[in-house]
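Thanks for passing this one along. Here are my notes, in numbered points, to read beside the coordinates.

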Amino acid sequence: MAKFVLAGKADCPLYAQAERLADTLQRTLPSFRVHKIPVLPSEWEVVMPLPFYKRWLELTCNKNGWKHEESPLIWRELVEQGGKGMLLGGYNEFVDHCQVYYGVTLTIPEDEVETIVAENLETQLSLIAEEQHRLSLIHPCNVWITGALCLTSQILIPFLLSDEAFPDVQTVALHLLHLRGDAEDMQMLKSDTEDLALGLLYRVTVHTDLEQAFHEAHVVILLDDFNADSENESDRARRQRVKKLSERYRKYGRLIDGRADKEVKVIVSGMSFVNMRCSLLVDSAPSINSHQFVAIATQLVNEVRAVLANKLCVMPSDVVDVIVWGNISGRFVIDLRWAKVFNYPGAIRVPPTFSQPVLRVLYDRKWLETEFKPLVHQQRQALLSNTEREAAISATNGILQVLKAWHGAYGPDEFFSVGITCTDFYNLPHGIIISAPVTCTKGKWSLLKGVTLEEKMLEELDLCADELQQEMGIQLQDPVRKT
């Protein structure tokens with residue numbers, strides 16, 4: 001069976017004549033088949049070529065190792081024989097081939113050629129308009145991730161492209177940003193993401209600068225973190241690094257304010273200066289509701305649960321409803337008044353669904369007052385001194401928890417600790433980001449009802465607020481100079 005491919009400019013008279021001749025042969029010869037590829041003149045060749053842009057004809061010839069410069073381009077498919085295709089040539093070569101092999105010649109009136117040309121062009125323009133209309137009906141959820149080359153991002157991406165994170169969206173456009181990131185690494189991350197072949201993914205873009213950052217963003221996940229160069233880093237060097245990080249987050253905030261959707265949801269995650277980074281974003285984005293910004297405290301909460309679980313001889317997952325107040329990556333207050341434990345190996349065996357208050361079964365009050373909090377700090381330091389894998393997994397879990405809460409996955413009685421904007425509760429400074437127990441209803445965060453703080457806790461929380469204000473002050477100060 002002979003199969004020919006005819007490609008040419010949609011407005012080319014020679015392509016129209018070749019098409020008419022091929023149609024005649026296909027009707028009269030049972031073994032003759034033709035496939036047509038009309039191409040818009042603007043795509044076939046470019047009058048003023050753009051950098052790195054190749055026209056359709058050039059790309060096709062390069063792919064097959066051919067040389068051809070005019071419309072039409074005609075070749076014979078040899079797929080059944082295992083070949084890539086045999087170039088026949090242009091219009092004249094096709095006419096000669098048909099005359100020699102099939103004994104067929106065809107004279108086409110000029111007015112008929114003009115009609116075919118007009119139909120080809122109109123059909124192509126109509127198909128493009130239909131495709132543009134189809135694309136205009138697709139409104140993907142634009143998700144931006146900063147620090148995209150970090151391990152947390154790579155673990156997080158497959159979960160973001162699932163119904164678990166975005167149950168109410170049809171498609172997700174993923175935009176990966178890593179300032180001054182290696183271009184080859186970014187392209188590899190893009191390819192890896194596309195190779196997941198997940199149905200929710202609409203497209204992936206990669207960025208190493210802020211030129212397009214946060215454009216029409218619906219969700220922004222910020223993973224840029226502060227990591228000291230070494231344990232012996234000087235105070236001056238540390239202040240300079242904090243200041244640079246702060247300047248970056250202020251710039252992020254201004255861009256989010258000017259480019260993102262006004263209902264954008266912003267999540268800050270990491271191990272250092274989490275509250276401060278979130279505060280800088282809020283301050284720099286005045287047109288966006290401050291309650292749309294949250295700082296992830298899940299890693300800290302999980303460290304507290306792990307220490308308690310070890311003390312109570314249960315699994316960390318058996319300890320629930322732990323509350324953490326204050327500075328997520330600094331001074332904090334652990335509140336166990338609501339905490340419960342399942343599967344506690346007490347004197348009386350209880351069903352797996354039965355829980356007991358942690359403070360009722362944990363009799364060692366001296367341990368709680370003297371050893372508990374230092375052990376939590378040790379847990380974090382051990383995490384930081386080892387590989388980042390555990391921290392990345394925990395961070396991913398926290399981000400997904402917040403996203404699911406925003407999309408209504410939790411009931412009105414379920415609560416967890418996140419960093420939110422302080423709006424005059426417990427006489428704390430207005431506007432700072434404080435970790436607190438919250439619920440999420442219809443996408444809105446609210447402080448857990450019925451929670452009261454004892455005087456000692458209030459004093460500790462005041463110290464947390466003072467530390468946060470000091471952190472905000474660091475990035476406004478000049479680096480320390482030697483005298």
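1. A nonpolar core here is a set of buried Ala, Val, Leu, Ile, Met, Phe, Trp, Tyr and Cys residues joined through side-chain atoms within 4.5 Å. Please keep in mind that the model is predicted. The largest such core has 37 residues, and the members that touch the most others are Val 143, Ile 145, Leu 160, Phe 166, Leu 176, Ile 221 and Trp 445. Helix 14 (residues 389-406) gives this core its largest share, six residues.

2. Trp 445 deserves a look of its own. Setting aside neighbours within four places in sequence, Trp 445 is in contact with His 291, Val 294, Val 402, Ala 405, Trp 406, Phe 416, Val 438, Thr 439 and Cys 440. There is also a second, separate core of 35 residues, with Ala 213, Val 242, Tyr 249 and Ala 285 among them.

3. Now to helix packing. The axes of helix 8 (residues 235-259) and helix 9 (residues 274-284) come within 7 Å and cross at roughly 40°. An angle under 35 degrees would count as roughly parallel, so this pair is oblique instead. The crossing of helix 8 with helix 9 is right-handed. Helix 8 brings residues including Val 242, Leu 245, Tyr 249 and Arg 250 to the contact, and helix 9 brings Met 276, Arg 277, Leu 280, Leu 281, Asp 283 and Ser 284. By class, the contact residues are eight nonpolar, three polar and five charged.

4. Helix 1 (residues 13-28) and helix 4 (residues 91-102) have axes that come within 10 Å and cross at roughly 20°. Helix 1 is therefore roughly parallel to helix 4, and their crossing is left-handed. The contact uses Leu 14, Gln 17, Ala 18, Leu 21, Ala 22 and Leu 25 of helix 1 with Tyr 91, Phe 94, Val 95, Cys 98 and Tyr 102 of helix 4. Ten of these residues are nonpolar, one is polar and none is charged.

5. Some backbone details may interest you. The peptide bond from Ser 71 to Pro 72 is cis, with omega near 0°, and Pro 72 sits in the loop between helix 3 (56-64) and strand 3 (73-76).

6. Which residues other than glycine have a positive phi? Arg 180 is one, at about 55°, in the loop between strand 6 (172-177) and helix 7 (183-195). Phe 273 is another, with phi near 50°, in the loop between strand 9 (265-268) and helix 9.

How values were computed: Residues numbered from 1 in each chain as written. Predicted model: local features only at pLDDT ≥ 70, side-chain atom pairs only at ≥ 80, totals over all residues. Heavy atoms only, no water. Axes fitted to C-alpha atoms, helices over the stretch in contact; angles between N-to-C directions. Helix = DSSP H or I, 4+ residues; strand = E, 2+ residues; numbered from the N terminus. Parallel < 35°, antiparallel > 145°, perpendicular 65-115°, else oblique. Left-handed = near helix turned anticlockwise from the far one by under 90°. Contact = heavy atoms within 4.5 Å. Nonpolar A, V, L, I, M, F, W, Y, C, P; charged D, E, K, R; others polar. Buried < 20%, exposed > 50% of the residue type's maximum accessible area, 1.4 Å probe, protein only.
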